[in-house]
Amino acid sequence: MAIGFLTIQARTAHDAILLSGVQITISDKQGNPVYQLATDENGEAQEVPLETLDQSFSQNEFFTGTPYISYNVLAQASGFNSLYISDIPIYEGENAILPLSLVPMQERQRTPSQTEITIGKPAVATSEMRGQEGPVSSPYVLRQVVIPNPITVHLGTPDASAKNVQLSFPEYVKNAASSEIYPTWPKAALTANIYAIITFALNRIYTEWYRSRGYNFDITNSTAYDQAFVYGRPIYESISTIVDEIFNEYVRRSGQNAPYFTSFCNGTTVTCNGLSQWGTVSLANQGYQPLKILRAYYPKDIEIAETNAITGALSSYPGTLLQKGSTGLDVQTIQTWLNRIRKNYPAIPVITDTSGDFGNSTKAAVTKFQRVFNLTPDGIVGKSTWYKISSIYTAVSRLADLNSEGSTLGIGTVPPSSVLRQGSRGQDVVTLQYLLNVIAEYYPDVPHPDQDGIFGSGTRAAVTAFQRAVRLDPDGIVGKNTWNALYKAYLGIQQNVPGSGSGSGSAPDTIRYVVQAGDSFWLIAQKYNTTVNAIKQLNGLTSDLLMVGQTLKIPAPQNSSHFNYTVKAGDSLWLIAQKYDTTVNAIKSLNGLKSDALSIGQVLRIPY
């Protein structure tokens, strides 16, 4: 009996927040339950074995049946809408890693809705015609070849009224490769196909193929125009490992910078002038290496190039491996990022090495991070590990910044006094853009607008996407109904997502504090009648570095039931209650308040 494997991971907000306790039901094609699982403290369910067919079937181009057995997954969690993913292919010897991105329920939503995704067979097994068009000799458009972070994918043909989703470029490539070909193919064949997939996408970016035509996306998931992509699908480990090694490498002609237009098709039921996907298997079995395979279909002078330009990344990969014994600023950067990530992923051990010295504790933290994010757990920071650490640090820091900013905005259920539409300006637009930015972290088809107080095309696109997501008329105008829906979605996130607002999960004997501009450990310790060492130990910190928006756990004094808070401009009872994990009524009761009115400089007692 052939066996494949399935690993399930539940996270949200671009992997910034793990979701433990998600109830998972794995069923066979007839709907019979096979496993009942729950995600652990890392948001991961145990790897499970599943019966499937011999891998030789998926390696034979003449086999006309289905070369695998498929399964279904139902994911349910308190406070989140359910997710049902059907027809998941399981291949012999392959570990299918299924990411579950759950969307929080809205405030006062009585029952969860259910999103359904069907995976199905890869594109190589279909007879759909390829109509890929693009410049073989690319005109000069961008100044350099860049890795988009994120890449925006349109889930339909270019002119279809369909959703856009955003994700990191490596995750896009892993998805496209898992959607295009069989993961059981020889490594050289997989690598050649992945080079073609990477280069095809980078050609679309470099030539601004869709952007220059007025579209608000980089590439589609239509195989008639681009390459396959199924949002929410599992990624196969053999493909993931290769992508981590080569995601910033691409095919070009000798003497040229532009990514070559690497068109392709399956080469059996569909033929084309580009690469034959099944042909790469035959050549790999003859001992061809990836570049030689590619030269069998594209010009003989093609070569593999590399770009380290990643848009939106915090810092470029230094170009050398960081490992035990390494020293310097790059090591310090990785240590800082990992210590911040650890607040969201507590399974990562604390780093106790001297800042800038890559010692045993740094290696242990890197190794655990690699295990959590399906990287080779060697404790060495190469380009794939560097990029992933950078990406996750960006995600968790962005959430911290948004949570900090939310405490300074007067967000309430009362809609703005006027309808907001393209051309509107002012504080109401700033608040609208803030709400959209928070929601966009959890709704994959809502883009992030610039928070500039100007209702431009980007804000309109975000409003329209949100309206589609909650089944309102997608007119891009924010009236009372849209505002109320935005507020309900925002409150749903605050109430249902661990680490957001009052749902932060702080222990009863701790205070949750968001670092403000000008803060230091000493000032915070004085404010809460504790010590610097106590705060650092509780948060697993070893340096004195603090970041605005960073969330700290502060030990609560054992002989007091409250602490004092001085009201600042922009404060409200609701905002203060959200900030300190309490309720408006509890603050009013402790202070003997009869109304919600506050004055700047007023001293309030806040319950622990």
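Colleague: Which residues are linked with Asp15 in a network of salt bridges?

Modeller: In this predicted model, Asp15 is linked with Glu171, Lys174, Asp244 and Lys388 in a network of salt bridges. A search of the whole structure finds 14 salt bridges.

Colleague: What makes the meeting of glutamate 171 and lysine 174 a salt bridge?

Modeller: The side chains of glutamate 171 and lysine 174 come to 3.7 Å, N to O, and since a salt bridge requires a Lys or Arg nitrogen within 4 Å of a carboxyl oxygen of Asp or Glu, the pair qualifies as a salt bridge. The two residues are 3 residues apart in helix 1 (residues 169-180), and are therefore separated by about one helical turn. In general, an α-helix has 3.6 residues a turn, so residues three or four places apart point the same way.

Colleague: Why is lysine 174 called buried, and why is glutamate 171 called partly exposed?

Modeller: Buried means under 20% relative accessible area, and partly exposed lies between that and 50%. Lysine 174, with 5%, is therefore buried, whereas glutamate 171, at 27%, counts as partly exposed.

Colleague: How do you know that aspartate 445 and lysine 163 meet in a salt bridge?

Modeller: Their side chains meet at 3.4 Å, N to O, which is within the 4 Å that the term requires. The pair links distant parts of the chain, 282 residues apart: aspartate 445 lies in the loop between helix 9 (427-442) and helix 10 (457-469), and lysine 163 in the loop between strand 10 (151-154) and strand 11 (164-167). Aspartate 445 has a relative accessible area of 10% and is therefore buried, while lysine 163, at 46%, counts as partly exposed.

Colleague: What makes arginine 211 and aspartate 218 a salt bridge, and is each residue buried or partly exposed?

Modeller: Their closest N and O atoms are 3.0 Å apart, so the pair falls within the 4 Å cut-off. Arginine 211, at 36% relative accessibility, counts as partly exposed, and aspartate 218, at 11%, counts as buried.

Colleague: Why is threonine 184 called buried, and what does threonine 184 touch?

Modeller: Threonine 184, found in the loop between helix 1 and helix 2 (187-206), has 9% relative accessibility, and because this is under 20% it counts as buried. Leaving aside residues up to four places away in sequence, threonine 184 touches Gln55, Ser58, Gln59, Tyr91, Glu92 and Glu94.

Colleague: How do you know that the span of helix 7 agrees with its number of residues?

Modeller: Helix 7 (residues 360-372) has 13 residues, which at 1.5 Å a residue should span 18 Å, and its end C-alpha atoms are 18 Å apart, so the two values agree. Among the buried residues of helix 7 are Ser361, Ala365, Phe369 and Val372, and what covers the buried residues includes strand 1 (2-12), strand 5 (44-52), helix 6 (329-341) and helix 8 (383-406). Helix 7 is followed by asparagine 374, whose phi is positive, near 60°.

Colleague: What makes strand 4 and strand 9 edge strands?

Modeller: The open sheet has 5 strands in the order 4-3-6-7-9, with mixed pairing, and strand 4 (33-38) and strand 9 (114-118) are its edge strands, as each pairs on one side only.

Colleague: How do you know that strand 3 and strand 4 pair?

Modeller: Strand 3 (residues 23-27) and strand 4 are joined in the antiparallel sense over 5 bridges, and because at least two are required, they count as paired. Isoleucine 24 stands opposite leucine 37 in strand 4.

Notes: Residues numbered from 1 in each chain as written. Predicted model: local features only at pLDDT ≥ 70, side-chain atom pairs only at ≥ 80, totals over all residues. Heavy atoms only, no water. Helix = DSSP H or I, 4+ residues; strand = E, 2+ residues; numbered from the N terminus. Buried < 20%, exposed > 50% of the residue type's maximum accessible area, 1.4 Å probe, protein only. Contact = heavy atoms within 4.5 Å. Expected span 1.5 Å × (residues − 1).
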